[in-house]
Amino acid sequence: MVMKTIKVTEEVHTMLSELGSKKDTYNEIILKLIQEHNENMSEEFDDDQASYYNKCIEKIENDDYSDIIEVDFDNIDEELKRLENEGLI
């Protein structure tokens with residue numbers, strides 16, 4: 001197997017060390033992180049989630065915006081409080 005050298009900061013080195021056990025190599029730790037990342041990126045919706053999002057998409061495609069909430073992004077903190085108070089988030 002061909003080996004490559006990569007440069008990491010002391011902080012990253014410490015973090016990698018903390019992620020693995022004493023017997024793990026850095027290669028194993030990095031491989032595990034990459035595999036976990038790839039698994040998270042390829043997760044699909046479960047049937048209930050897919051059904052919900054498909055219904056949302058269908059409503060929008062049919063110009064049904066009844067579930068759409070308007071938010072004033074200039075006053076986002078106030079808007080978030082308002083939505084929380086209304087039980088929408």
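Predicted model: local features only at pLDDT ≥ 70, side-chain atom pairs only at ≥ 80, totals over all residues.

Colleague: What makes Asp77 count as exposed?

Modeller: Its relative accessibility is 56%, and exposed means over 50%, so Asp77 falls in that class.

Colleague: Which residues form the negative surface patch?

Modeller: The patch is formed by Asp72, Asp74, Asp77 and Glu78. Asp74 lies in the loop between helix H3 (47–61) and helix H4 (76–85).

Colleague: How do you know that Asp74 is exposed?

Modeller: The relative accessible area of Asp74 is 73%, and because the class begins over 50%, Asp74 is called exposed.

Colleague: How many aromatic pairs does a search of the whole structure find?

Modeller: The search finds two aromatic pairs. In one of them, Phe45 and Tyr53 have ring centres 4.9 Å apart and planes at 35°.

Colleague: Why is the pair of Phe45 and Tyr53 called tilted?

Modeller: Stacked planes are under 30 degrees apart and edge-to-face planes over 60, with the rest counted as tilted; the angle here is 35°, so the pair of Phe45 and Tyr53 is tilted.

Colleague: What are the exposure classes of Phe45 and Tyr53, and why?

Modeller: Phe45 has a relative accessible area of 54% and is therefore exposed, given a limit of over 50%. Tyr53, at 39% relative accessibility, counts as partly exposed, because that class lies between the buried limit of under 20% and the exposed limit of over 50%.

Colleague: What makes the pair of Tyr52 and Tyr53 edge-to-face?

Modeller: The angle between their planes is 75°, and over 60 degrees counts as edge-to-face; the rings are 5.2 Å centre to centre.

Colleague: Which residues form the nonpolar patch on the surface?

Modeller: That patch is formed by Ile69, Phe73, Ile76, Leu80, Leu88 and Ile89, which together have about 570 Å² of accessible area. Ile69 has its place in the loop between H3 and H4.

Colleague: Why is Ile69 called partly exposed?

Modeller: Its relative accessible area is 39%, and since buried means under 20% and exposed over 50%, Ile69 belongs in between and is partly exposed.

How values were computed. Residues numbered from 1 in each chain as written. Heavy atoms only, no water. Patch = residues over 30% accessible without salt bridge, like charges linked within 9 Å, V, L, I, M, F, W, Y side chains within 5 Å. Areas by Shrake-Rupley, 256 points an atom, 1.4 Å probe, with all protein chains shown as cover. Salt bridge = Lys/Arg side-chain N within 4 Å of Asp/Glu carboxyl O. Lys, Arg positive; Asp, Glu negative; His and termini not counted. Charge placed at Lys NZ, Arg CZ, Asp CG, Glu CD. Helix = DSSP H or I, 4+ residues; strand = E, 2+ residues; numbered from the N terminus. Buried < 20%, exposed > 50% of the residue type's maximum accessible area, 1.4 Å probe, protein only. Phe/Tyr/Trp six-rings, centres within 6.5 Å; stacked < 30°, edge-to-face > 60°.
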